[in-house]
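Please look through the structure below before reading my notes.

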Amino acid sequence: MKNWLNPRSTVGIALIAVALIALPFVVGAAGQAWVRILNFAILYVFLALGLNIVVGFAGLLDLGYIAFYAVGAYTWALLASPHFGLHFPVWAILPIGAVLACFFGVLLGSPTLKLRGDYLAIVTLGFGEIVRIFMNNLNSPVNITNGPQGITLIDPVRFGDFSFTGTSQILGLTLGGPQKYYFLLVALAILVIVINVRLQHSRIGRAWQAIREDEIAAKAVGINTRNVKLLAFAMGASFGGIAGGIFAAMQGFVSPESFSLIESIMVLAMVVLGGMGHIPGVILGAVLLTFLPEALRYAVTPVQMALFGKILIDPESLRMLIFGLALVLVMRFKPAGLWPSPERSRELGDKVAEGAK
Amino acid sequence: MQAKLSVVALSVAAAFALSACGEKEAPAPVAAPAAPAEKPVVVVKLGHVAPMTGPQAHLGKDNESGAVLAVEELNAQGLEIGGAKVKFELVSEDDQADPKQGTIVAQKLVDAKVNGVVGHLNSGTTIPASKLYADAGLPQVSPSATNPKYTQQGFATAFRVMANDVQQGKVLGEFAVKQGVKTVAIIDDRTAYGQGLADEFRKAAEAAGLKVVANEYTNDKATDFKAILTKIKSTKAELVFYGGMDAQGGPLVKQMKDLGIKAKFLGGDGVCTPEFMKLGGPAADGQFCSLPGMPLEQLAKGPEFKSKFTTKFGYEIQLYAPNAYDAVMVLADSMKRADSVEPAKYLPKLRETNLEGVTGKIEFDEFGDLKGGAISVYQYQGGALNYVETLGGAPVAAPAAPAAAPAEEKK
Amino acid sequence: MDIFLQQIINGLVQGSIYALVALGYTMVYGIMGLINFAHGEVVMIGALVSITVTGTLAAAGMPLGLAGLCGLVAAILSCMALGWSLERIAYRPLRGSPRLTPLITAIGMSIVLQNLAMIVWGRNYMTFPPLLPKINFEFAGTHFTLVQVVIVLLSAAMMAGLVFLVYRTKLGMAMRATAQNPAVASLMGVNTNRVIAAAFVVGSALAAVAGVMVGSYYEIAHYQMGFMLGLKAFTAAVLGGIGNLAGAMAGGVLLGIIEALGAGYIGDLTGGFLGSHYQDIFAFVVLIIVLMFKPSGLFGEKTGDRA
């Protein structure tokens, strides 16, 4: 885990850096659309890392995570669009979005701290729905969110005169809008990854781990479980808020239908599939599940046409079917995920052995 | 110019590029020694976007079929634009009715340098995608997105060939007045479509002096409406308006009957379907709904289109296929008038469209909305939809834009 | 007043449906502490199977009543099989793993079942043949139908039957023993695997009955009908104290009535600020409030931190 951040592996880092810089140009050769997909993948990496703090580190199952994403997206939409006539700059909105999402995280966290795993799951799910329903309905009597119609004409990310939409020339290179967003996202993602890694190996990170493994024991050794759990919710939520803000800016349009329960489940699937609590694993999970539908779409239809001469199974339902099956199978055969952390898989191995208890 | 068009030899087989899944069109012209004397052929790529997978796939397929029919007819005509023979090609993309996917496929079409876009089907994907098309200067004609916001964003490239929710809600309000009712209850399903329609209906009904005695809400997955219907019953409303889809509308009229509510039922195009009758059963009888445009039977080119469509595809028109057909025709028509297939050149002409389409006369107002879009009202009788009358459409006056939602949206 | 009474009836019927589904949740949870998220999908499969069977038989000329009965039996049998295989394939191998593991599996199973059902039965809403004669009652200005009466009576009967099963039969005793302590129970000669499987099978049979009732009440069925219903029912079970049969029943009815009254009156109470668009929120808000003050539900025993 530490190896790839170890100064000794400078070569590795350099290689990764070169790959990250070259990626949008390589992919962009096949069309900007692919860069856009790449951007969504990074956005999901973002979200998955945020949820990973709650689910992976602290072991609290959160089924309403998308609510924080929604809070961030709506914060951006309201503060930088003609809806209220406000056009705040990036450096103001993103922190506001993060803080607001963080506030919602605490709001959700505080009444639910006493709850055990499965009660928590259902309450967080309810919370996610509550947030969505409010966003869908707060267009009357006072029009705040514009209801189901959503908010249009949202400002893109802009630093001074430099806008992230449209094509521009930088250092002699022609960069399309999605490519510029790519670099912004990668920069933010690296920041988030560094924060995550630092967190995991800090006192807090170990406290989370202790709570995940045995809450009573954690309490006994003097960990303030309440505060530490709240912190997990708050941290996770703020990442969601930032991701939401970027999403709103990238799309230029938000409406409540982007924040349904299935999105929460999707992000959870990324964390679980990749490897709960293991940062590289979570990244892998997010990237995999973003590209899978694209791949399926191009594979499923032609394959079925070739085999049966007609489309028997809709790619969309097949995609969901594969998601569901993947969740079941991974839990069955690789409960620590596709790319688990070495210690975690060992722990789980022990768990199974003493499972009869 | 060179970049926009890919010039290929005549000898290239006229295969239909429906499955052009973003693979890049080889821009290099195939050296064409075979037919030197022939006129060059210009391939005009039209993007088509609709959900081809997911719950609305049947509607997406329907739109696509309409567009396919139009493209085939255009190719059969052997049009010449700008001194070259043109061959239209449909580049079909799937947005899964998902806003995120909507921008991805929009980007694909921009990358593929299509000459125009027909789509998307849903307002939820049409709006975010319209920004990309506007940035790229690509004309976009949606056959079925009815959210008024789509054309109010100030994009010069956004058009639609269907009456929007404002127009439809207004007409339904007028119709309610004509029915002689005094009090109405309004239910909407809190989707962009249902809420938009119900809001416009409310405005029109109140403007016409009707009293709105109840505003109730449900959602697009609900099956039980008894609680809100009981409340409506207590208000003794004479008419219940529903902004939403057939899957809820059908059970809703049934439960109205169970509760002994005698009020009439009126809904928009979402409940003007055979599905509504199937789900509503006998309770659907005598209820009213509306569809944008005129019934195909009443239009000059309607019956012909209907028979062409069923002969070619072997199934009935679902909903918006005629509009998708017209959307393609509108694009082709303005290219003809501009004598260019280049978006920048034919876009001004698109605004001046004056075409007799399958769905009626097509003219755009300054927003890109259909001028005075007509709406027809139907009544369910004995398991069939019977045409009642057509409202609106006659006055060509552009609908007052601020009528749609808060005015601060306007720039 | 008649409107108030009508809302109570609406809530009672809706609540009985929740209760019927909640019984299945509570049964499985009480014995093995697992939220079977896929339970709502079992309800859905029950409804769809009975539509297909009833429809086919009725089309073949069988009288509707008899065809409906066959449909019900077919639904019960196939759901029992489904419940058994769910337990056998998905949950049993995970016994003893961390709590999150079976929960995620359950979510996965729910997605799988929904999409399988969609592939088999299609996306469209299917109309359910009216199994019971349409008889309308009018009482003190309220309207209700025979189906509604049957639903309320049936769910009460089901609960009574279940209580009998758990407290008066040998299987029930084994179930309670397993719930207390699986290891000790197995030492005392209880085949815990069989007991848990039995709980799943019985719960799924109830789900099938619920599915048929829901279907014939609304006269529609759909591959997504189970999910929200399952969530609400689960909320009801938690509200009543999960693991407690009478609690599930009470929680269900309570939730139904809260929803009906909420949708009916909240608009007037808040001067139009909140309205029936917040109907789906009531369940969750009530749930959060109850859990804040009584973490084990209204009628639940204190379970402590069972690991």
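Predicted model: local features only at pLDDT ≥ 70, side-chain atom pairs only at ≥ 80, totals over all residues.

1. Residues are numbered from 1 along each chain as its sequence is written, and chains are lettered from A and ligands numbered from 1 in the order in which they are written.

2. Helix 2 of chain B covers residues 99-111, where a helix is a DSSP run of H or I with at least four residues, numbered from the N terminus. Its 13 residues reach 18 Å from first C-alpha to last, close to the 18 Å expected, that is, 1.5 Å times one less than the number of residues.

3. Because 12 of these 13 residues are buried, helix 2 of chain B is largely enclosed by the rest of the structure; buried means that 20 or more other C-beta atoms, placed from the backbone, lie within 10 Å of a residue's own. Among them are Pro99(B), Ile104(B) and Asp111(B). After the helix comes Lys113(B), with a positive phi near 55°.

4. In chain B, 32 residues are in contact with 31 residues of chain A, contact meaning C-beta atoms, placed from the backbone, within 7 Å. Helix 2 of chain B gives the largest share of chain B's side, 7 residues.

5. Leaving aside neighbours within four places in sequence, Val328(B) is in contact with Leu46(B), Ala67(B), Ala70(B), Val71(B) and Val118(B).

Definitions and conventions
Helix = DSSP H or I, 4+ residues; strand = E, 2+ residues; numbered from the N terminus. Contact = placed C-beta atoms within 7 Å.
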